[in-house]
Amino acid sequence: MFATSFPEVTGGSELNIAVEKGTSIHINTSATAGINTQCQVCISQRCQSSVVLKSDTRLNFSCSQPENVFTVKIIRDKPNVISDIEPKKHHAFQKFNRTFTWNLKPPDRATLHLSFSRTGLRQIQPTDGCPDKHVYMLTAEKVTIGRFCRNGTIRQVDVRKVGKLSLEVSGGQPVDMKAIGVLEGSAIDALVKIHVVLPERSSTQDFFTPNTFPENIKTIWYFKVPQTYYTDVRILSHTVPTCLKPDNIPTMNYFWPGKNSVVKPLNGSQPMVETGDFYLYIKNCNMPLPRPPSQGLMVHFQISAIARTKGQCIGHLPENQTLQIRVMKKNLKSACVLKLDSVIMDTVTIASGNRYDLDIFDCNKEELEWTVNQTIECKEWRNCASTPFPITFDYELQCISGVLKTITWHLHGPPNSAVELQSPTGGLHHCLPEDKYYSILLLNVSHIKTGITVGQFCPKGTIETIQIRESSIAVTASVTSFSGQKLAAKPILNYSFTQDISEHYIFTVAPKKDNPTVLATPVWPSGMKPSSTVSWIVNIDPQLESKLKFTNVSQPKCKGGHTNIAVWTIPSQTVVYSTKKDENINDILVPGSFYLNMTNCKFPTVPFRAMMEITLQNNTNKFSDKLLVIILSIVVIALMIITAMVIWIVLRKKKRNKAPPVSVYNPNQHAFLPGLHGVPKTQEEEEDAHTYEYIDDTLVYSHLLKHDAKNEECTDESSPALPDRPVRKGKILVTKGSALVDNELNGYNQGPSTTSGSPKSAIKTSEEGAYETRLCV
């Protein structure tokens, strides 16, 4: 562009400057030097504060350090735009602050296409500089598009109509500029179109609208985004002009190829986590006159590109599920991003009957938690079976990672109904706020209309059922140390709608002997509602008794009326304990099953609340009664045995007296009884030689007594006479005469005969010792 005969400019030295065709060199006093400077530039002994060189010229300066006073501008008109821009290297003005300018003018209806592919540009603030002391400026139609440094993401700029490119190089810095390609481009409907190629690494770039943005003019940016990278747009600052039409206020307009355009206000949130190449354009409005400079349009925005891992969840939530699923970020400042239907949200809500398209970016399982709300309604009794139904959650969002924190079931029954809750897995127990939870599952039961909590419960306990006089309640299951979608894989509770109950709350409890059972009034640690009642039905083994201990009672004074605590047994309905007002509450022992009832007054001065503990132990009274029953039973059994033995003995004796005894004469004088075994003793061995035993005629003559006496035919036979025969009565031997024997044999003994049946045959003996027998045939 120019040449010099000296290696550098020095004070008083003469310089030969060669100026090329189409180039002009402007040497001007810098603004920082001031108007009182004595240094001038001299041509042919004519010294001036500034000169313009259009041809070869010899000059010198009147001071030793002119680089501190003057600036140099080298301007070249480039009519042929189909060529590269590349400044010639020279050293004449190296110590001066220099500005290289190229005026570019394309053909009619064409566009200047400036290629910065070899160096790349990045936009900076109007007052900022560049680290390498090289600052590029771009102008279109006398409007400054912006200032740029090298090594940026801007690869191409399209300028409509006349354009100008400048390069500012600081004094003492050699020019280091790579060639810039200039081509003709297709027509555009904007003042300038800037092409940006984002790098394949995480990056953030700043962009500015043109200074003194003309009215009704558009600026376009095109961003090329690498695959697997997602862009975020943020507006850091902006000013909005006063527009002739309020509905024509400038906006941010986005367009992704193949998608619908998105329009965002300048003061609103901008697109986040978008993938793919996109266009952004900003158009100014028509402004009234005069236009203050401070009221012009200015937007400073940022484009960030980040490589992200993406998860996607697309589906349709069935309408009959009556569900509402909410997914939320635990830390709002984390890099985790949720997008529902292309809209970024910190909390995403999916409702039944809606189709959803949820994108999840860079979210660990621990960064998300989701909650579920399900509504269960039964408005008419004919549709409400009395059979308990399980409370479960059987719809899984398998594509959503995170922690399932809570599930809330809203139960709505018919008017004037009550809700009964029952645990299918072994009862419930109170999980009081002041206690440490050792269960991973916490159940909160509350009223839907008022939001008042009935209580907090955990699985595995002695509370079998909970009845609430309310047709609409909510049951919320929350976890304390559990994650995943398996919270409600099995039924948590069974519910049923029943007819209205007399109490506000009824708890059925079955305490265990191993561990104490803790009970608390509803709404603990708050007090019961005024005029509300609660009952506990405590079922225990009749052989046990309960030690009922009131561990924490806050019993208020009432303005009219009083509170009441009463205990009575089941089923005798005997009142065991009753206290009113602010009396001291005593521990009591209750045998067997019992009711515990509490009633709050209408106007309590302080909250009415109570906590109880039930401990089971053996019933000592029952044990004594049982022992007495056992002893009495033994005595009765003994008496029955004795009575039976006496009766048996009496009957035995009577049986023996039914028929007269029969004696049999033994001619060998050896007395023996029929049926006895062994050799009979001799007369000498006997204490009494005449020993006889009774022989029951039913045993000896039973076959002869079967015939009827009326049909008997008898014959007489003669036998020897019988001697006196002793008869044994117990241990005493008695000798009877023959007449007595005959009388006994013939049934003539005194007293009535106890023998029943057919009449017996008589056996008579004669005095000569022979006997005769009447045989009956």
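Predicted model: local features only at pLDDT ≥ 70, side-chain atom pairs only at ≥ 80, totals over all residues.
The pairing of S44 with strand S51 (residues 609-618) is antiparallel and runs over four bridges. Within that pairing, Thr-517 has Ile-614 in S51 as its bridge partner.

Strand S46 (residues 544-554) contains Glu-545. This residue is buried but has no salt bridge. The nearest side chain of opposite charge belongs to Lys-547, 9.7 Å away, whereas a salt bridge requires a nitrogen of Lys or Arg within 4 Å of a carboxyl oxygen.

Leaving aside residues up to four places away in sequence, Glu-545 touches a set of residues that includes Leu-589, Val-590 and Pro-591. Thr-615, Leu-616 and Gln-617 are also among its contacts.

## The loop between S44 and S45

Pro-525 sits in the loop between S44 and S45. The peptide bond that leads from Trp-524 to Pro-525 is cis, and its omega is near 5°.

Ser-531 is found in the loop between S44 and S45 as well. Its phi is near 65°, which is a positive value in a residue other than glycine. With a relative accessible area of 37%, Ser-531 is partly exposed.

## Aromatic pairs

The structure holds 19 aromatic pairs. One of them joins Tyr-495 and Phe-497: the ring centres are 5.7 Å apart and the planes stand at 70°, so the pair is edge-to-face. Tyr-495 and Phe-497 are both buried. In another pair, the rings of Phe-507 and Trp-536 have centres 6.0 Å apart and planes at 20°, so this pair is stacked. Phe-507 belongs to strand S43 (residues 505-509) and Trp-536 to strand S45 (residues 533-538), so the pair ties together parts that are 29 residues apart in sequence. Both Phe-507 and Trp-536 are buried.

Ring pairs also link a cluster made of Phe-207, Trp-221, Phe-223, Tyr-254, Trp-256, Phe-278 and Phe-301.

Thr-212 lies in the loop between strand S19 (203-208) and strand S20 (218-224). Its phi is near 45°, a positive value in a residue that is not glycine. Is Thr-212 buried or exposed? Its relative accessibility is 71%, so Thr-212 counts as exposed.

Val-337 is part of strand S29 (residues 337-340). Its relative accessibility is 10%, so Val-337 counts as buried. Val-337 and Cys-363 are separated by 26 residues in sequence, while their C-alpha atoms are 6.9 Å apart in space. Cys-363 is one of the residues that Val-337 touches, when residues up to four places away in sequence are not counted. Other contacts of Val-337 include Val-273, Arg-308, Ile-344 and Phe-361.

## The whole protein

How many helices and strands are there in the protein? There are three helices and 57 strands. Of the 777 residues, 42% are buried.

Among contacts between residues at least 6 apart in sequence, 78% join residues at least 24 apart.

How values were computed
Residues numbered from 1 in each chain as written. Heavy atoms only, no water. Pairing = 2+ DSSP bridges. Helix = DSSP H or I, 4+ residues; strand = E, 2+ residues; numbered from the N terminus. Buried < 20%, exposed > 50% of the residue type's maximum accessible area, 1.4 Å probe, protein only. Lys, Arg positive; Asp, Glu negative; His and termini not counted. Contact = heavy atoms within 4.5 Å. Phe/Tyr/Trp six-rings, centres within 6.5 Å; stacked < 30°, edge-to-face > 60°.
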